[in-house]
Number of protein chains: 2
Amino acid sequence: MAIATRKEHIRSTAQKLFRTKGFAATSMRELAREVGIEAPSLYNHYTSKQQLLQDICFDIAAQFQTTFDASVATEQSNSQKLRRAMLGHVQVIASNIEASSVFFDEWVFLEAGELARFKKLRAAYQQAFRNLVADGIASGEFNAVNVKLTVFMIFSALNATYDLYKSGERLNEEEIAEGISAILFNGLERTK
Amino acid sequence: MAIATRKEHIRSTAQKLFRTKGFAATSMRELAREVGIEAPSLYNHYTSKQQLLQDICFDIAAQFQTTFDASVATEQSNSQKLRRAMLGHVQVIASNIEASSVFFDEWVFLEAGELARFKKLRAAYQQAFRNLVADGIASGEFNAVNVKLTVFMIFSALNATYDLYKSGERLNEEEIAEGISAILFNGLERTK
DNA sequence: CCTACCGATCGGTAGG
DNA sequence: CCTACCGATCGGTAGG
């Protein structure tokens, strides 16, 4: 596997380490060792450990929003839009397994200013999903569920994608998104 | 608020710090400062930082399993058992907000032997839920869903309880468990 | 990209 | 429960 550039190599290695050991428990020396250079040389590519985290987190945040916008820009029903948005969310995770894992678990280590910016992006993304569910209720497509709770459930289920990949299940993106959609849309309880 | 014992005070303070900053980023000096003693004095109560983490994680693990066993030891339908088990799960989280948050996010820092023991307990708990869902399908109460995926969804939704508490929603345990159950059992899509 | 090195902080121990 | 302190390691800089 050819490594495109050293900078990318550093970043992908950092993603792996941040995920497995956590941001705080990962040292720049260990990262350097894994990359195959001395620790101070890392600073020719990234100004700080914090900068690495920021790059990873905001890249994923942007991917989520871009994918969502594309999913919704259709003339389909709210139900279909939601299904597409869910699949898109899973696809972003699946195409960035290590990075999205860092995005979910390590964003708390972003420093003050960037942390605030990050939270805003996340809130906007959540709100977009809530609007979609609310529109679906208004149009009569969905049951009159608790919107915030529903979106919470959708995200918590979708964000377990990483664990599903790791488990022995061997599900691909479509199977995960469709399996979750099936349960969420149709419900568990058998209707007689 | 009276602090029962110093040891309990240390533990509850550690839970708060481990949750907000993470296990690796929390120092014993900071913990000591927060408690109001010097760092070396901590070692009269806990042999190590690791020991603190173990106490927290395994206590919660035991509570989950005990609560589940009690929920299932009834002569109700599988559907009712599952609802009760879900409520019990939320109640354990709600009664141990800080500790359960550490349980979910910081267990990765358990050292080798304890890590293996922890994973076994967690796997057994998951399997118990899977059996319940499988029984419900066999008895015709549930739709023929993907069992593992369904249990994954249940846990990922229930484990967001902590976030739901923090959000402005002000839902209590019953409302969270019932809200999630309602969506999960009945589904989002309106049946005509 | 390296060697050499800084000040700060870490988990934990000795000894009382 | 404290003071004093250990060796190790941290993120990052200087200077080339």
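**View 1. Where domain 1 of chain A meets domain 2 of chain A.** In this predicted model, nine residues of domain 1 of chain A are in contact with 11 residues of domain 2 of chain A. Contact means heavy atoms within 4.5 Å. Domain 1 covers 1-46 and domain 2 covers 53-186. These bounds come from an automatic or database domain assignment. The C-alpha centres of the two domains lie 28 Å apart. Together the domains bury about 1000 Å², with 62% of that area on carbon and sulfur atoms. Arg11(A), Arg19(A) and Phe23(A) supply 55% of the area that domain 1 buries against domain 2, more than any other three residues. Buried area is the accessible area (1.4 Å probe) that two parts lose on being put together, summed over both.

Residues are numbered from 1 along each chain as its sequence is written, chains are lettered from A and ligands numbered from 1 in the order in which they are written. Local features need pLDDT of at least 70, side-chain atom pairs count only at pLDDT 80 or more, totals for chains, interfaces and linings use all residues, and side-chain values use heavy atoms, with hydrogens and water left out.

View 2. Two salt bridges join domain 1 and domain 2 of chain A. A salt bridge is a side-chain nitrogen of Lys or Arg within 4 Å of a carboxyl oxygen of Asp or Glu. Arg11(A) pairs with Asp59(A) in a salt bridge, with the closest N and O atoms 2.8 Å apart. On the domain 1 side that touches domain 2, the residues are four nonpolar, two polar and three charged. Ala, Val, Leu, Ile, Met, Phe, Trp, Tyr, Cys and Pro count as nonpolar, Asp, Glu, Lys and Arg as charged, and the others, Gly among them, as polar.

**View 3. A stacked ring pair in chain A.** The whole structure holds 30 aromatic pairs over all chains. The ring centres of Trp107(A) and Phe118(A) are 5.6 Å apart and their planes lie at 15°, so this pair is stacked. Trp107(A) sits in the loop between helix 5 (97-106) and helix 6 (112-138), and Phe118(A) in helix 6. Rings of Phe, Tyr and Trp (its six-membered ring) pair if their centres lie within 6.5 Å; planes under 30 degrees apart count as stacked, over 60 as edge-to-face and the rest as tilted.

**View 4. The interface of chain B and chain A.** Here 38 residues of chain B are in contact with 38 residues of chain A. The chains bury about 3500 Å² between them, 68% of it on carbon and sulfur atoms. The interface has 19 residue pairs in polar contact, both at pLDDT 80 or more. Helix 9 (173-186) of chain B is one of the helices that each supply at least two residues of the side touching chain A. Its share is the largest, at eight residues. Helices (H or I, at least four residues) are DSSP runs, numbered from the N terminus.

**View 5. A salt bridge between the chains.** Two salt bridges link chain B and chain A. In one of them, Arg83(A) meets Glu189(B) at 3.3 Å, N to O. Glu189(B) lies in the segment after helix 9 of chain B, and Arg83(A) in helix 4 (residues 78-95) of chain A.

Terms used
A polar contact is a pair of N or O atoms within 3.5 Å; within protein, one must be able to donate a hydrogen and the other to accept it, and residues adjacent in sequence count only if both atoms are side-chain atoms.
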